[in-house]
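Work through the exercises below with the sequence and the model open. Try each task before reading its solution.

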Amino acid sequence: MKHILFTAFGLLLCLIAYSQKTFNLPSEENPIMSITVPLDEWEADLDDNLFFFKPRLEGDLNRLFISIWSPEDPSSDDAFDKTIDESFQFVELILTEVYWAEDLAEFDINGIAIYAIDGAGYFQNDDGTSDEMSCSIMVLIINETYAMSLIFISTPESYNKWEEKVLEVLFSMQPLK
């Protein structure tokens, strides 16, 4: 009986380990931070210093997208400013009539300093209708010389569905150097 229990427990641990993947960002070759995503519920990809994840669920409750990227040349004098400018340009490419909160939030996750601003805008659907979506831009200060950008875009319904899982993934971020 103990053998069966140990075998079942081992299989359970394997399934849990398999259903999560830790990604090293901005690339596997030059990691600065890690983030863990539960792949049983999320689709995730890391390509050319661009990382994204979104729900696997089909339908309207999958309208949530998070991406993290690093500047092309993180050692340049204007890398931080370029990261911020590119973030705003990216959001305003996807959403129209974007408006931003007046206050900037500052917080820390596992030693990563984060500066965030929330906003909202409208996503233009293929059928000509539009949906209001919330958005956030977060600058992740990994260390004294390296910053990355996190973009969050979601419908309110999708965020309500996935809020706990999004926070779980974000709180898994860890600096590596």
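**Exercise 1.** Is tryptophan 100 buried, partly exposed or exposed, going by relative accessibility?

Solution. This is a predicted model, where local features need pLDDT of at least 70, side-chain atom pairs count only at pLDDT 80 or more, and totals for chains, interfaces and linings use all residues. Residues are numbered from 1 along each chain as its sequence is written, and side-chain values use heavy atoms, with hydrogens and water left out.
- Cut-offs: buried means under 20% relative accessible area, exposed over 50%, and partly exposed in between (1.4 Å probe, protein chains only).
- Tryptophan 100 has 22% relative accessibility, so this residue counts as partly exposed.

**Exercise 2.** Classify the aromatic pair of phenylalanine 52 and phenylalanine 65.

Solution. 
- Rings of Phe, Tyr and Trp (its six-membered ring) pair if their centres lie within 6.5 Å; planes under 30 degrees apart are stacked, over 60 edge-to-face, and the rest tilted.
- The whole structure holds eight aromatic pairs.
- For phenylalanine 52 and phenylalanine 65, the centres are 5.9 Å apart and the planes are at 20°, so the pair is stacked.
- Phenylalanine 52 belongs to strand β4 and phenylalanine 65 to strand β5, so the pair ties together parts 13 residues apart in sequence. Strands (E, at least two residues) and helices (H or I, at least four) are DSSP runs, numbered from the N terminus.
- Phenylalanine 52 is buried at 18% relative accessible area, while phenylalanine 65 is partly exposed at 26%.

**Exercise 3.** Which residues have the most contacts inside the largest nonpolar core?

Solution. 
- A nonpolar core is a set of buried Ala, Val, Leu, Ile, Met, Phe, Trp, Tyr and Cys residues joined through side-chain atoms within 4.5 Å.
- The largest core has 29 residues, and Met33, Ile35, Phe51, Phe53 and Leu140 have the most contacts inside it.
- A second, separate core of nine residues includes Trp69, Met133, Cys135 and Ile137.

**Exercise 4.** Where is arginine 63 found, and what joins its side chain to that of aspartate 131?

Solution. 
- Arginine 63 is in the loop between β4 (50-55) and β5 (64-69).
- A polar contact of 2.6 Å joins the two side chains, arginine 63 and aspartate 131. Such a contact is a pair of N or O atoms within 3.5 Å; within protein, one must be able to donate a hydrogen and the other to accept it, and residues adjacent in sequence count only if both atoms are side-chain atoms.
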